[in-house]
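Reader: Could you walk me through this structure, starting with its side-chain geometry and ending with the overall layout?

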Amino acid sequence: MAEVFVMFSEAISGPDGRTYSARACGGEMADGRWQGWLEFDAADGSGTHRSPRETTQPNRTDLAYWATGLTPVYLEGALVRTLRPGPVRAAAPPPVKPTFDGPLPRGESPDSPSRTDAVLNPFSVYRKGEAVLRAQLEALAAWHLVNIVEASELSTEPSGSLNAMTADELIELIVAAVRQETPVGN
C-alpha cells in the first residue's frame, strides 16, 4: 500500500504559473523493492499531478532516506518533468494519503516527446545567483551536466563532444549560456 513519506512545507512555483505543494510518496512493489514518486497539489485546487517513478530502493528505510534528502531544486525539476504536455491524471487527494498507489507507468504517454531529463533547471537556480548555480553544478557528475546542457538546449555540440568535456568545462558552458540567455535584472 502506498504511503506519504515527506510533506514538503516550501511551496514550489511551476512553469505554468501555479504554485504547488509537494509530497514524496512510495510503496512496495511485487518483488519486495520500494518505489518512490512525487505528488504535486496545485494551490488553486485544480488538481494533483504525480511524477513517474523517481527512485527504486531495496527497502522502506532506504526509500524514507531518499525522500528526506530531496532539495527544493530537485522538486522544481521534478515538477517541470511532471507537467510536460501529455495525459496527466489529476485528482484532489486527502491531505495525508497519496492519491495514487504507484508512479505514472513508463510509456503511459506515448505522445510525449522523449528527451533527456536533467536533475535541475539551470535558469531557475541562476535566478538565485550565479554562485548558487555554480555550487549546485559542482556537486554533480559530468553525465548529469551533459543532461542539463541537452535538456536545456544550451549548446549545439553533439552528445559525443559534450561527453568528452570535463566537468569544469561543462560548468563553464552552462553558466555562460544561462548568463547569455537571462535578461539583465533577472
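Reader: How many aromatic pairs does a search of the whole structure find?

Author: Keep in mind that this is a predicted model. Even so, the search covers the whole structure, and the number of aromatic pairs it finds is 1.

Reader: What is the arrangement of the rings of phenylalanine 5 and tryptophan 34?

Author: Happy to go through it! The ring centres of phenylalanine 5 and tryptophan 34 are 6.3 Å apart, and the planes meet at 90°. Planes over 60 degrees apart count as edge-to-face. With 90° between the planes of phenylalanine 5 and tryptophan 34, the pair is therefore edge-to-face.

Reader: How many residues apart in sequence are the parts that this pair ties together?

Author: Both phenylalanine 5 and tryptophan 34 are buried. Phenylalanine 5 belongs to strand S1 (residues 3-7) and tryptophan 34 to strand S4 (residues 34-42), so the parts tied together are apart in sequence by 29 residues.

Reader: Which residue lies over the face of tyrosine 74?

Author: Tyrosine 74 is one of the buried residues of H2. The residue over its face sits at 5.7 Å from the ring centre, and it is arginine 81.

Reader: Is helix H2 largely enclosed or open, and how many of its residues are buried?

Author: Helix H2 spans residues 72-82. Its buried residues include Val73, Leu75, Glu76, Ala78 and Arg81. Helix H2 is largely enclosed by the rest of the structure, because the buried residues number 9 of the 11.

Reader: Which side chain does serine 124 join through a polar contact?

Author: Serine 124 is in helix H3 (residues 122-126). Its relative accessible area is 8%, so serine 124 is buried. Its side chain makes a polar contact of 2.4 Å, and the partner is the side chain of glutamate 76.

Reader: Is glutamate 153 buried or exposed?

Author: Glutamate 153 sits in the loop between helix H5 (142-151) and helix H6 (159-164). Its phi is near 55°, a positive value in a residue other than glycine. Most residues other than glycine have a negative phi. With a relative accessible area of 66%, glutamate 153 is exposed.

Reader: Where do the buried residues of H7 pack?

Author: Helix H7 runs over residues 167-181 and reaches 21 Å from its first C-alpha to its last, close to the 21 Å expected. Its buried residues are Leu170, Ile171, Leu173, Ile174, Val175, Ala177 and Val178. These buried residues pack against H3, helix H4 (130-138), H5 and H6.

Reader: Which residues touch the most other members of the largest nonpolar core?

Author: Good one to look at in the viewer. This core has 21 residues, and the two that touch the most other members are Leu137 and Ile174. H3, H4, H5 and H7 each give two or more residues to this core, and H7 gives the most, with 7 residues. Leaving aside neighbours within four places in sequence, leucine 137 is in contact with Leu120, Leu145, Ile148, Ile171, Ile174 and Val175. So, for the names you asked for: Leu137 and Ile174.

Reader: How many residues are in the other core?

Author: The other core lies apart from the largest one, and Phe5, Tyr20, Phe40 and Ala67 are among its members. Its size is 20 residues.

Reader: In what order do the elements of the chain run from the N terminus on?

Author: The chain has 186 residues, of which 42% count as buried. It holds 7 helices and 6 strands. From the N terminus on, the order is β-β-β-β-β-β-α-α-α-α-α-α-α.

Terms used: Residues are numbered from 1 along each chain as its sequence is written. This is a predicted model: local features need pLDDT of at least 70, side-chain atom pairs count only at pLDDT 80 or more; totals for chains, interfaces and linings use all residues. Side-chain values use heavy atoms; hydrogens and water are left out. Helices (H or I, at least four residues) and strands (E, at least two) are DSSP runs, numbered from the N terminus. Buried means under 20% relative accessible area, exposed over 50%, partly exposed in between (1.4 Å probe, protein chains only). A polar contact is a pair of N or O atoms within 3.5 Å; within protein, one must be able to donate a hydrogen and the other to accept it, and residues adjacent in sequence count only if both atoms are side-chain atoms. Rings of Phe, Tyr and Trp (its six-membered ring) pair if their centres lie within 6.5 Å; planes under 30 degrees apart count as stacked, over 60 as edge-to-face and the rest as tilted. A charge sits over a ring if NZ of Lys or CZ of Arg is within 6 Å of the ring centre and within 35 degrees of the ring normal. The expected span of a helix is 1.5 Å times one less than its number of residues. Contact means heavy atoms within 4.5 Å. A nonpolar core is a set of buried Ala, Val, Leu, Ile, Met, Phe, Trp, Tyr and Cys residues joined through side-chain atoms within 4.5 Å.
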